[in-house]
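Dear colleague,

I am passing on the structure we spoke about, and my notes follow directly below it. Please read them with the structure open beside you.

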Amino acid sequence: MDGLAPALLSPAADRTLLLVGSFVLLLAGAEVFTNGVEWLGHRLGVSESATGSILAAVGTALPETLIPVIAILQGGAESAHVGVGAILGAPFMLATIAMFLVGVSVYHFRDRRVFGDEMHFNEVATRRDLSFFLVGYVIAFAAAFAHNRLLEYAMAALLVGLYLLYLVRSLQSGELAESEGIDALHLGLLIERVAARAGYDPRSHGDNPSFVFVALQTLFALALIIGGAHLFVSEVQWLSKEVLGIPIAIVALLIAPLATELPEKFNSVLWISRDKDTLALGNITGAMAFQGTLPVTLGIVFTDWDLSLAWGTTGFLNAFSVVLAVISGGILYLRARSAHEEPMDPKPFLVGGVFYAAFIVLLVYFVVVLGIDAGAH
């Protein structure tokens with residue numbers, strides 16, 4: 001009889017499924033929230049303006065931003081380390097792997113591209129995005145060494161002001177005013193299908209949804225993202241301690257953006273293949289401007305903001321990720337500045353992949369040679 005009993009999943013398998021489930025909730029929530037918030041902007045009369053594009057950007061950035069928020073609200077040293085890692089992970093990944101993907105894509109699709117292996121981009125927008133990222137991220141790095149709460153609060157406030165200035169500059173430029181149209185409301189389409197199967201005449205709830213349906217979908221999506229963030233915070237602690245034996249902050253730094261940020265950035269690969277280089281690069285640099293200014297204020301104000309120059313510590317790895325992101329962004333900024341509206345060679349983008357590999361090598365050295373473990377700070 002025992003042999004006929006259904007095999008139960010091991011505790012490790014259960015936890016792995018929960019971790020994967022957290023990714024699914026975060027990604028699904030981001031998609032549904034973005035769709036809902038675009039319709040919300042439309043109902044408020046702003047969806048076809050630059051503000052509508054900004055609202056959409058909030059939806060795509062929400063999962064990686066809510067992970068540290070949930071971690072901080074849960075309290076405790078381990079959750080705080082998850083928050084720090086998640087905050088640092090997005091800008092690090094954007095400045096390294098995402099940029100690397102852009103460069104590789106240009107070479108991969110050069111035979112089908114009108115531009116070949118030349119990258120055409122908006123010099124003004126790229127320089128603006130990267131300059132705000134670089135200034136903001138350097139301020140965030142410096143805040144870790146302030147050792148004065150009043151000064152830390154002042155630097156956090158400066159970062160918030162910096163992002164608001166970025167929004168103003170972007171709005172004035174008119175570059176965010178483009179709209180590709182809004183997809184039908186997901187909840188509205190679901191209601192139409194249910195009504196049709198029940199024999200009722202389905203109204204156009206998808207293409208012309210009521211404000212109530214828009215609000216319900218947006219709130220439901222927010223609940224999905226919060227649930228996913230809760231799961232992620234708890235399961236990444238298990239993964240760090242019981243499976244990998246790597247500091248929690250580093251696991252969060254590497255995994256969180258892969259689940260929440262990188263899938264969306266594959267849009268850039270698609271745009272590169274279609275010669276939409278400005279969209280491809282702006283998709284990344286705009287996210288860098290946000291991630292390098294606004295979310296980092298959470299780490300500065302609500303965590304110990306563990307960035308350190310002490311060799312062999314988690315804080316050093318955190319700081320190293322910031323330095324690599326700043327150098328990678330700086331290289332691209334200088335190249336964009338020297339382009340003078342000429343096409344850009346994709347080679348500078350490949351540097352990001354080298355930097356990401358360098359971080360992994362240092363991490364392996366810390367774990368294998370120095371013996372840094374999940375409890376190290």
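**Helix packing and a salt bridge**

Helix H3 (residues 77-108) and helix H12 have axes that come within 9 Å of each other and cross at roughly 35 degrees, where axes are lines fitted to C-alpha atoms, for helices over the stretch in contact, and angles run from 0 to 180 degrees between N-to-C directions. Helices (H or I, at least four residues) are DSSP runs, numbered from the N terminus. The crossing of H3 and H12 is left-handed, a term used if the near helix is turned anticlockwise from the far one by less than a right angle. On the H3 side the contact (heavy atoms within 4.5 Å) is made by Val84, Leu88, Pro91, Phe92, Ala95 and Met99, and on the H12 side by Asn318, Ser321, Val322, Leu324, Ala325, Ser328 and Leu332. By class, this contact has 10 nonpolar, three polar and no charged residues, with Ala, Val, Leu, Ile, Met, Phe, Trp, Tyr, Cys and Pro counted as nonpolar, Asp, Glu, Lys and Arg as charged, and the others, Gly among them, as polar.

Please keep in mind that this is a predicted model, in which local features need pLDDT of at least 70 and side-chain atom pairs count only at pLDDT 80 or more, while totals for chains, interfaces and linings use all residues. Residues are numbered from 1 along each chain as its sequence is written, and side-chain values use heavy atoms, with hydrogens and water left out.

Just after H12, His340 takes a positive phi of about 55 degrees.

Helix H6 (residues 186-197) and helix H7 (residues 211-244) have axes that come within 8 Å and cross at roughly 115 degrees, which makes H6 roughly perpendicular to H7 (65 to 115 degrees). His186, Leu187 and Ile191 of H6 make this contact with Phe213, Leu216 and Gln217 of H7, and its residues are four nonpolar, two polar and no charged.

The structure also holds seven salt bridges, each being a side-chain nitrogen of Lys or Arg within 4 Å of a carboxyl oxygen of Asp or Glu. One of them joins Arg113 to Asp275, with the closest N and O atoms 3.9 Å apart. This pair links distant parts of the chain, 162 residues apart, since Arg113 lies in the loop between H3 and helix H4 (123-143) and Asp275 in the loop between helix H9 (262-273) and helix H10 (277-291).

Conventions: Helix = DSSP H or I, 4+ residues; strand = E, 2+ residues; numbered from the N terminus. Parallel < 35°, antiparallel > 145°, perpendicular 65-115°, else oblique.
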